[in-house]
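Dear colleague,

Please find below the sequence and structure that I am handing over to you. My findings follow directly after them.

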Amino acid sequence: MTNIKLSVTAKIPSAKSGTVIVLGVTGSGEKVALLPHKVDTNSLNSLDLVALGASSKFESLIRVPAENGAVFALIGAGKDELDEDSLRELAASAVRKLDGFKEIVFDLPTEDERDAVCILEGALLGGYKYASKEKAPKSKLAAIVALSDQTVAKQAIERSRILATSVDRVRDLVNTPPNLLFPQSFAEIVTKESKDFDVSVTVLDEKALKAGKFGGILAVGQGSTRPPRLVKVEYTPKKAKQHLALVGKGITFDTGGISIKPAASMVGMKYDMTGAATVYQAILAIAALKLPVKVTSYLCLAENMPSGSATRPNDVIQIRNGKTVEVLNTDAEGRLVLADGLSAASELNPDLIIDVATLTGAARVALGDRYSAVMGTADAVSAIEAAAFDSGELVWHMPLPAEMRARLDTDVADIANAKIGSTAGGMLLAGVFLREFVGSNKPGAKAQPWAHLDIAGTANNDAAPYGYTPKGATGVVLRTLVSVAEGMSR
Ligand code: BES
Ligand code: ZN
Ligand code: ZN
């Protein structure tokens, strides 16, 4: 996707073989009409478009021959006005359905420059295919054009390319099978790939984790023959006004550990490193955009396996910030690695901490698979909500009820990692646990702005693709994180 030529132009392209021109269809039933467009569509006037299958149903698409070997694609634009996100979705779905063309020209109504850019962004996001080594699918697509009278800054187009590339990289990392992606190999990918960016990388291996008292990451990783890692990525631009810290759950496979998952629930648990992949690619995107905001990303990487060396239920461990945790359920492992990551991030006193995690099955139960949950301090939640809205991503504010904290009381440690025998408010209880590791322990320390994103429901789409969401890894909330960083740069 990265080498595709992107342009916004008012100039009508000359029709040629390999070019498809996308037009919007509106209306209902027997009466359909084309949305306002710029190209000459006289050749369509004599055709009964309804009989050919044209419909305003969102994302429905038919092809009609145009002049000189080019093709018209008539895509249903729905009944409502095309806002920014529906333009992204329409463009994405068109690209997915128009595989094999060299050039796609979007002739859709654009009210402002952002509309034109959204078309390009959606088209890039929709063209994603998982590139496994064995059968890398080669796309012929070389150019995407948005026909528009709007003048769009080159920077805005490049921003779309950077965002789409980063989202695609998250998708690739998450889709990679867990025999190939594990803590060490993930850390190596980060070390290698980051060389092309203005960031520095520190990898803590198991010895360094022990020295640094990262008891959560060590406890979760100790059952695996593939040891855990904490990867710290730093972007430190000269003119930074603020500091954003990102913490990602990076369980490269979650069997549940000794509290082992049933067979059917274990399938898909390679997705459990999505948070780490997201905060990693977000910092690369922010660096590529040269935003004047300091960013530190922590990737908390471990493989959660059952074995003779694995953490047991009832084990008591100590997190980086000194608090002790009784592990009552080894499948509630995400909060243990995040506890270390949040403690480390808090030591830097950043202006904002955001953690991203496929944390609880309860998130999916509560919000389904299209809304990511956001919890945290009021200002941080508002910043995420605004950024998500701006990016066309769906988040929903959930509470962190203070009275729930008592459910995690235990006689042998400061806190337990789960409430045995109750699933009530599971997503909220996980958030309440995480809160214990945010900010300084010291009395009188100032409150730390923090938001927690539970993407267990949204990180993976196991149904058919829709809009710019492919089957499999979605790459969700990356664009929101970048938008938050943009807000902090202003
Ligand atoms: N990785 C899972 C959460 C998950 C479940 C993500 C389904 C995606 C789809 C997490 O580590 C987990 O197993 N959580 C437990 C917590 C419980 C033991 C308190 C859960 O949600 O059941
Ligand atoms: Zn688990
Ligand atoms: Zn997990």
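Predicted model: local features only at pLDDT ≥ 70, side-chain atom pairs only at ≥ 80, totals over all residues.

Residues are numbered from 1 along each chain as its sequence is written, chains are lettered from A and ligands numbered from 1 in the order in which they are written, and side-chain values use heavy atoms, with hydrogens and water left out.

The zinc ion (ligand 3) is held by Lys249 (NZ), Asp254 (OD), Asp272 (OD) and Glu333 (OE), at 2.0 to 2.5 Å. Donors here are N, O and S atoms within 2.8 Å of the metal (3.2 Å for Na, K and Ca); water is not among the atoms, so sites may look incomplete. The six donor atoms of this zinc ion (ligand 3) make angles of 78 to 172°, and the site is octahedral (six donors, with opposite ones over 155 degrees apart and all others between 65 and 115). In sequence, the donor residues follow the spacing K-x4-D-x17-D-x60-E.

Lysine 249 is buried, at 1% relative accessibility, and aspartate 272 is likewise buried, at 3%; buried means under 20% relative accessible area, and exposed over 50% (1.4 Å probe, protein chains only). Aspartate 254 coordinates both the zinc ion (ligand 3) and the zinc ion (ligand 2), which lie 3.2 Å apart.

Asparagine 3, by contrast, is exposed, with a relative accessible area of 74%. Its C-alpha atom is separated by 9.6 Å from that of leucine 141, 138 residues away along the chain.

Yours sincerely

Technical notes:
Tetrahedral: all angles 85-135°; square planar, octahedral: opposite > 155°, others 65-115°.
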